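Colleague: I've got a model open and I'd like to learn how to read its strands and its core. Can you walk me through it?

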Amino acid sequence: QEHYTASIDPKLGLSIATDTRKPIVRCMADIEPRKIRWLWPGRIPLGRITLIAGTPGLGKSFVTCDLAARVSTGRQFADRSDCEAGSVVLIACEDDPNDTIRPRLDAHHADVSRVHLLEGVELSTKRQTRELMFTLSDIETLEETVKAIPDCRLVVIDPIGSYLGTTANANSDNEVRAVLAPVAKLAETYNVAVVIVAHT
């Protein structure tokens, strides 16, 4: 059964259908089962979002730098499981790139040529070009970034609260899920692991 929404044309006095809604249903018999693909076996899946949550100061960003370093070099994970080498996209605003992020990556022996920092969005008009802060509502920018790095295996967003934009309430589960849904779709499409840091 289809559901329609309508608007009234004041001149003609007619009800005009503006869009249609109908359920999208798939029979489970038509869905092929598949195994989970892993960045870090048993811990961080590819094509999915993983959340690292905790109070400030526990070392969450330190952990993400360690992950980035291991992925960038293909060095084994902490539990000695294998790690396939690839590139990393960092989206991080709480730590300075020069005096914190880069030294931290160097201390973890990262291949920094494979670690990329998404700092913002360049908006060009006929009159001017300016830089805007990146938010997750600009999913096209993140997709362009991942597409431009063919061997990208990991995207780190640290912390999620800084990238929700002005329209989403960080304390509303429904609004946060709405923002993350396109990110989850991007992760699945490009087979990358997305690790999100959240403060409790």
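Modeller: Start with pairing: two strands count as paired if DSSP finds at least two bridges between them. Keep in mind that this is a predicted model. Here β10 and β11 pair in the parallel sense, over 4 bridges.

Colleague: Which residue is the bridge partner of Val155 in β11?

Modeller: That's Val194. β10 also pairs with β6, again in the parallel sense, over 6 bridges. On that side, Ser87 stands opposite Cys152 of β10.

Colleague: How many residues of β10 are buried?

Modeller: 7 of its 7, so the strand is mostly covered, with buried meaning under 20% relative accessible area.

Colleague: And how should I think about a core?

Modeller: In soluble globular proteins, nonpolar side chains tend to be buried together. In this model the largest nonpolar core has 26 residues, and Ile91, Leu136, Leu142 and Val155 touch the most other members.

Colleague: Which elements give two or more residues to this core?

Modeller: They are β6 (87–92), α3 (139–148), β10 (152–158), α4 (173–190) and β11 (193–199). The largest share, 6 residues, comes from α4.

Colleague: What does Ile91 touch, leaving out residues up to four places away in sequence?

Modeller: Ile91 touches Leu118, Phe134, Leu142, Tyr163 and a run in β10: Val155, Val156, Ile157 and Asp158.

Definitions and conventions. Residues numbered from 1 in each chain as written. Predicted model: local features only at pLDDT ≥ 70, side-chain atom pairs only at ≥ 80, totals over all residues. Heavy atoms only, no water. Core = buried A, V, L, I, M, F, W, Y, C linked by side-chain atoms within 4.5 Å. Buried < 20%, exposed > 50% of the residue type's maximum accessible area, 1.4 Å probe, protein only. Contact = heavy atoms within 4.5 Å.
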